[in-house]
Amino acid sequence: MSAAQWRRAMNSAAAAAAPTVRAPAARSVQALPSSAAETVPSWPGRWLARIRPRHIVVLAALIVYPFVASPFFTYQIGAQALALGLIALSLTFLGGYGGMVSLAQMTIAGVAGYGVAVFGTSSAAAISLGWPWWLASAVAIALATAFAAAVGWLSVRTEGIYTIMITLAIGVAFFYLAQQNYTVFNGFQGFNRAGAPEVLGTESRDPVAFYFTALACALAGYFLVRHLVRAPFGIALQGIRDNPRRMASLGYAVTAHRVAAYAVSGLLAAVGGVLMVWYNGRISPGTVNLGAMISILIIAVLGGMKHPIGAFVGAIVYVLLQNFAIDLFVRERFNLVIGAGFLAIVLFSPDGLLGLWAKLRSSLVKTQTPQQTRRQP
Amino acid sequence: MRETKRRIWLRSVVGAAAATALMGSAWSQETLKIGLLTNLEGPFAVPGQDGFRGADMALKEKNGMAGGKKIEFIKLSSDATPDKAVAATRKAVEQDKVQIMIGPLSGDEGIAVKNYAKSHPDVTFINGSSGAQATTLVDPAPNFYRFNTEGAQWMVGLGEHALGKGYKKVFLVAEDYGFPYSQVQGFMASYCAKGGKVVDKAWVPLGTKDYASVVAKIPKDIDAVVVVLGGSDAVNFLNQYEQAGGAKPMVGGSITVDQTVLNYKGKRRESLLGTASAGPMADSIDTPEWKKFVADYKAQFKDGFPSPSLFAYLYYINTRATLEALDAVKGDLSNGQKAYRDALQKTNFKGPAGEVKIDGNRNGVGTTYITEVTKAPDGSFYNKVVKTVPNISQTLGLSEAEFKKMGLGSRDVPDCRK
């Protein structure tokens with residue numbers, strides 16, 4: 001959220017939501033989405049008024065995409081980018097709006113993924129409980145959200161690099177636990193043929209059906225974040241990011257608020273984790289190793305952490321590079337292309353691809369129609 | 001002005017892209033694309049590169065042609081995780097539209113690719129160097145072929161050899177994942193049947209640095225230590241075992257006694273002499289086929305290893321089988337590749353390290369070499385072949401019923417403590 005937008009939101013929230021400020025902070029922590037409806041009764045109208053042609057174009061493109069693209073592009077590029085983007089979105093929410101950079105987002109997704117495999121069905125019949133997929137994934141998501149809150153509770157008292165270190169330690173510990181525990185995690189091998197719902201089939205999952213499942217989840221996550229960052233909860237979270245001491249003196253329970261933010265981001269990551277297991281049809285410690293944990297950070301930074309869409313833009317670029325860099329360059333050295341791409345983006349635009357886009361647009365607008373003011377992204 | 005420039009730039013980009021696309025399609029008419037998957041990232045990046053060399057050698061022997069078509073490899077990389085292996089395979093099959101796919105490199109990748117193969121019955125999958133037993137024994141895919149033998153087969157005969165050296169009671173230390181499970185089973189199947197005892201097994205995580213607790217557990221009254229660890233893990237264990245005063249002889253797995261171990265400089269170096277191990281090939285095989293293979297490898301790859309690695313060898317035989325079958329059917333892949341698959345099933349040629357042929361599950365039946373560490377005239381150590389065991393099938397020399405009763409290798413299978 002940019003400074004201007006932030007100020008505007010702050011003013012409107014302060015004017016309209018006087019009772020919220022008076023209310024104890026714990027309440028705004030618990031009642032997440034509904035508190036916004038309270039402050040501005042006609043919020044669906046507000047949403048409709050904000051729809052612009054480009055939103056419709058993007059949505060239409062997303063819907064038409066699987067029907068024009070090949071199954072490979074639908075599944076391995078499109079659906080995977082949406083699932084990865086959802087996990088990265090949880091980091092964007094936490095890092096961009098809460099100022100807490102957590103490396104454990106892939107771990108939280110992994111907890112949900114392992115949950116799906118353990119509670120649902122997999123090739124490891126001795127471990128998997130065989131619950132129906134909807135129950136298994138619901139329990140897995142709840143469990144992962146609780147785990148995320150616990151991670152948050154452990155790490156919110158720290159700042160900056162220490163948060164990164166604590167979440168890194170938790171992530172690596174979970175990786176080794178999963179690799180060495182045979183009673184629950186099935187060790188190095190993990191779970192094959194895990195938990196994909198029957199409607200999608202295990203081996204020959206229908207790319208289009210899976211794509212739309214991932215799209216629905218991604219859109220829901222995206223709009224949840226868009227909504228939250230404008231709701232009093234999100235406004236307060238950004239306040240805590242910018243000046244925790246001041247927010248504390250205003251009566252907000254800073255720690256509880258941050259833990260709640262972890263829980264929300266955990267919910268997003270958990271849904272992404274379930275999608276990843278369905279996508280791969282399997283999960284093993286390699287899914288949650290250090291490389292995977294860092295790749296989520298890369299995706300979020302690559303796209304830009306100032307807007308929720310950045311996570312998905314980053315995921316698309318990341319997945320494309322992962323798949324096609326090997327065709328572009330000397331094959332033995334293709335990782336060089338990936339690394340150089342990331343380096344170039346971060347070097348020339350600290351705000352990621354979104355920052356690059358904003359820069360490009362403002363320079364275009366300046367040269368063509370100088371009287372037109374720049375609109376917010 | 002700026003606008004024009006941008007437009008010109010855009011047009012030239014579009015033009016270049018179109019030209020590339022046209023050229024690409026012109027090429028594909030006279031060439032046959034074969035997907036080739038190894039590892040260029042992760043723990044097996046260096047062996048993976050040698051896998052590419054092996055495949056390139058097989059293709060070069062045929063001057064880049066097979067079945068009357070020019071062969072083009074679509075090279076792909078994984079990082080030894082099954083997720084990446086399937087993603088890369090899916091790209092080759094669904095995006096690059098290959099009809100034949102060679103790979104992957106490691107065991108769990110192999111199982112994942114085999115499962116993927118089932119959803120594409122029109123494509124033929126040929127193994128690279130993966131050696132998990134379950135790939136072809138449990139729920140095999142009818143279009144997945146493996147011309148090499150696997151981890152358990154590589155150890156057959158080593159059990160008897162160890163007994164012959166008088167090792168009646170051994171302690172075992174191995175890494176805790178699929179490949180060592182197979183190796184240990186291959187060793188124990190015959191060792192236990194002939195009266196040997198494995199008093200205890202220590203399963204350590206891959207990449208373990210500290211073996212103090214393992215060394216402390218080794219009983220005094222054993223005859224030897226069976227070490228199924230890879231590369232640096234083996235050297236770390238050896239070092240710490242020596243420092244703790246251990247002096248029992250060693251028996252190694254197929255990837256244990258490699259150059260890093262042979263170049264070991266510790267005080268116990270001399271005691272390495274006589275260390276037995278087994279594998280599907282050995283550096284010192286004394287046949288003209290092997291010598292030619294090594295000479296070709298050295299001539300072709302100045303940046304390669306001093307001698308072809310296991311991975312180069314396995315990729316070589318699998319690629320060669322792929323290409324020879326293509327020759328046999330003159331490049332005919334029609335009719336769901338039926339003729340081609342029949343030709344693959346009939347494969348039988350003399351490879352650098354013995355016969356290459358497959359069984360009914362499309363898994364290799366081949367030779368195992370038992371070696372012992374010996375001192376060369378120049379003072380360096382090498383693995384000398386002391387015995388060859390031909391025609392080893394996946395049932396490890398047991399009858400099918402006996403093998404089924406034992407089950408696949410795992411942490412607790414087989415078991416002969418007492």
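User: In what order do the six strands of the open sheet of chain B stand, and what is the sense of the pairing?

Analyst: The order is β2-β3-β1-β4-β5-β6 in chain B, and the pairing is mixed. This is a predicted model, in which local features need pLDDT of at least 70 and side-chain atom pairs count only at pLDDT 80 or more, while totals for chains, interfaces and linings use all residues. Residues are numbered from 1 along each chain as its sequence is written, and chains are lettered from A and ligands numbered from 1 in the order in which they are written. Strands are DSSP runs of E with at least two residues, helices are runs of H or I with at least four, and both are numbered from the N terminus.

User: What makes β2 and β6 of chain B the edges?

Analyst: β2(B) (65-66) and β6(B) (144-145) each have a single partner strand, so one side of each is left without a neighbour in the sheet.

User: How do you know that β1 and β3 of chain B pair, and in which sense?

Analyst: Two strands pair if DSSP finds at least two bridges between them. β1(B) and β3(B) (residues 69-78) have nine bridges, in the parallel sense. L32(B) has I71(B) as its bridge partner in β3(B), and N39(B) stands opposite S78(B).

User: Over how many bridges do β1 and β4 of chain B pair, and over how many do β4 and β5?

Analyst: β1(B) and β4(B) pair over three bridges, in the parallel sense, with L36(B) opposite I102(B). β4(B) (residues 100-102) and β5(B) (residues 124-126) also pair in the parallel sense over three bridges, and there the partner of I102(B) is I126(B).

User: In which sense do β2 and β3 of chain B pair, parallel or antiparallel?

Analyst: They pair in the antiparallel sense over two bridges, with A66(B) opposite K69(B) in β3(B). The two strands form a hairpin with two residues between them, and G67(B) in the turn has a positive phi of about 60 degrees.

User: Why is β1 of chain B called largely enclosed by the rest of the structure?

Analyst: A residue is buried if 20 or more other C-beta atoms, placed from the backbone, lie within 10 Å of its own, exposed if 12 or fewer, and partly exposed in between. Seven of the nine residues of β1(B) (residues 31-39) are buried, so the strand is largely enclosed.

User: Is D303 of chain B buried or exposed, and what makes it count that way?

Analyst: D303(B) has 6 other C-beta atoms within 10 Å, so it counts as exposed. Its place is the loop between α11 (288-300) and α12 (310-328) of chain B.

User: What makes helix α4 of chain B count as mostly covered?

Analyst: Helix α4(B) (residues 107-117) has 11 of its 11 residues buried. Its cover includes β3, α3 (82-95), β5, α5 (134-137), β6 and α7 (178-193) of chain B.

User: Why is α8 of chain A described as it is relative to α15 of chain A?

Analyst: Axes are lines fitted to C-alpha atoms, for helices over the stretch in contact, and angles run from 0 to 180 degrees between N-to-C directions. The angle between α8(A) and α15(A) (residues 290-303) is about 120 degrees, with the axes 8 Å apart. Angles under 35 degrees count as roughly parallel, over 145 as roughly antiparallel, 65 to 115 as roughly perpendicular and the rest as oblique, so α8(A) is oblique to α15(A). Q105(A), M106(A) and T107(A) of α8(A) meet A292(A), M293(A) and I296(A) of α15(A).

User: How many residues of chain A are in contact with chain B, and which element gives the most?

Analyst: Contact requires C-beta atoms, placed from the backbone, within 7 Å; 24 residues of chain A are in contact with 25 residues of chain B. α7(A) gives the most to the side of chain A that touches chain B, with three residues.

Key
Two residues are in contact if their C-beta atoms, placed from the backbone, lie within 7 Å.
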